[in-house]
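User: I have a structure open and want to learn how to read it. Can you take me through some features one at a time?

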Amino acid sequence: MRCTPQVHGAAREALTWIRHIVQTEMNAATDNPMVFAAEGEMVSGGNFHGAPLALAADLLVMAVAQLATISERRSERLVNPALSGLPAFLTQHGGLQSGFMIAQVTAAALTSEIKTLAHPASVDTIPTSANKEDHVSMSMGAALKAARIVSLAAHVLAIEVLAAVQALDLLAPLTTAPPLQRAHAAVRAVVPTLAVDRSPAPDIDAITTLIETAELERACALHFR
């Protein structure tokens with residue numbers, strides 16, 4: 001827990017670099033050959049190679065894996081009465097109700113899948129086109145994998161948020177900081193307090209949507225970009 005700021009900070013620095021690379025490549029010329037009509041010149045080169053985006057996508061995977069891993073550990077602390085001081089699995093009816101036990105198990109499973117997918121794609125290369133394309137970036141594989149991992153991580157974070165708002169309800173009438181009160185209200189507008197067991201899937205999906213649309217961030221009135 002004490003190293004969370006350092007891990008988050010490193011991940012944010014990585015995301016800053018990734019954003020720079022993606023913006024640069026989106027505005028770059030990737031044709032081959034490059035045609036300069038005004039100068040009457042054609043230049044053959046390798047601007048089509050996807051190495052910059054492949055490396056950026058692989059770094060995105062590693063940064064997000066770090067964030068998801070710590071998020072899952074925070075979820076575990078919330079449901080663990082030995083660490084939280086709250087009712088086991090955040091339910092008032094322990095023994096009869098499983099509360100958020102399965103939600104935390106889901107977070108653990110998703111995090112393990114993220115770590116399994118975190119092997120970099122860009123270190124691989126398979127020559128093609130009669131060995132003309134003798135070093136390929138694997139950027140498409142890296143990008144598809146990164147998209148999958150970002151979606152999984154959003155669900156991991158949603159589970160942490162789901163547990164956190166339940167914990168705040170259990171701590172009432174104590175209140176938290178104003179930004180987190182607004183986040184709590186935004187979540188409770190779409191997900192009711194857990195009183196008796198129900199499938200956590202719809203609640204997790206609803207909070208994931210709040211995360212992916214930045215509604216939760218706007219509710220906090222905090223901007224990290």
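Analyst: Start with salt bridges. A salt bridge here is a side-chain nitrogen of Lys or Arg within 4 Å of a carboxyl oxygen of Asp or Glu. Side chains of opposite charge can pair when their charged atoms come close. Keep in mind that this is a predicted model.

User: How many salt bridges does a search of the whole structure find?

Analyst: Six. One of the salt bridges joins E160 and R74, with the closest N and O atoms 2.4 Å apart. E160 lies in helix 5 (residues 139-171) and R74 in helix 2 (residues 51-79), so this pair ties together parts that are 86 residues apart in sequence.

User: Are E160 and R74 buried or exposed?

Analyst: Both are buried. The cut-off for buried is under 20% relative accessible area. R74 has 17% relative accessibility, so R74 counts as buried.

User: Which residues is R74 in contact with, leaving aside its neighbours within four places in sequence?

Analyst: R74 is in contact with M1, T4, H8 and E160. E160 is also the salt-bridge partner of R74.

User: Which residue does R188 meet in a salt bridge?

Analyst: The partner is D169, at 2.7 Å from N to O. R188 lies in helix 6 (residues 178-188) and D169 in helix 5, so the pair ties together parts that are 19 residues apart in sequence. Now check the exposure of each partner. R188 is buried, at 18% relative accessible area. D169 is partly exposed, at 23%.

User: What about the side chains of R73 and E72?

Analyst: R73 and E72 meet in a salt bridge too, at 2.8 Å from N to O. R73 counts as partly exposed, at 41% relative accessibility. E72 counts as buried, at 7%.

User: Next, helices. How do I read which way the residues of a helix point?

Analyst: An α-helix has 3.6 residues a turn, so residues three or four places apart point the same way. Now take helix 7 (residues 201-212). Its 12 residues reach 16 Å from first C-alpha to last, close to the 16 Å expected at 1.5 Å a residue.

User: Which residues of helix 7 are buried?

Analyst: D203, I204, I207, T208 and L210 are buried. Seen down the axis of helix 7, the buried residues fall within an arc of 155°, so they line one face of the helix.

User: What covers the buried residues of helix 7?

Analyst: The cover includes helix 5, helix 6 and helix 8 (215-220). Look also at what follows helix 7: A214, with a positive phi near 65°.

User: Where is A63 found, and which residues does A63 touch?

Analyst: A63 is found in helix 2. Not counting residues up to four places away in sequence, A63 touches A11 and A14. A63 and A14 are 49 residues apart in sequence, yet their C-alpha atoms are 6.7 Å apart in space. With 5% relative accessibility, A63 counts as buried.

User: Last, the surface. Which residues make a nonpolar surface patch?

Analyst: M101, I102 and V105 make a patch of about 240 Å². Take I102 as the case to inspect. I102 is found in helix 4 (residues 101-117). I102 is partly exposed, with a relative accessible area of 45%.

Conventions: Residues numbered from 1 in each chain as written. Predicted model: local features only at pLDDT ≥ 70, side-chain atom pairs only at ≥ 80, totals over all residues. Heavy atoms only, no water. Patch = residues over 30% accessible without salt bridge, like charges linked within 9 Å, V, L, I, M, F, W, Y side chains within 5 Å. Areas by Shrake-Rupley, 256 points an atom, 1.4 Å probe, with all protein chains shown as cover. Helix = DSSP H or I, 4+ residues; strand = E, 2+ residues; numbered from the N terminus. Buried < 20%, exposed > 50% of the residue type's maximum accessible area, 1.4 Å probe, protein only. Expected span 1.5 Å × (residues − 1). Arc of directions from axis to C-beta. Contact = heavy atoms within 4.5 Å.
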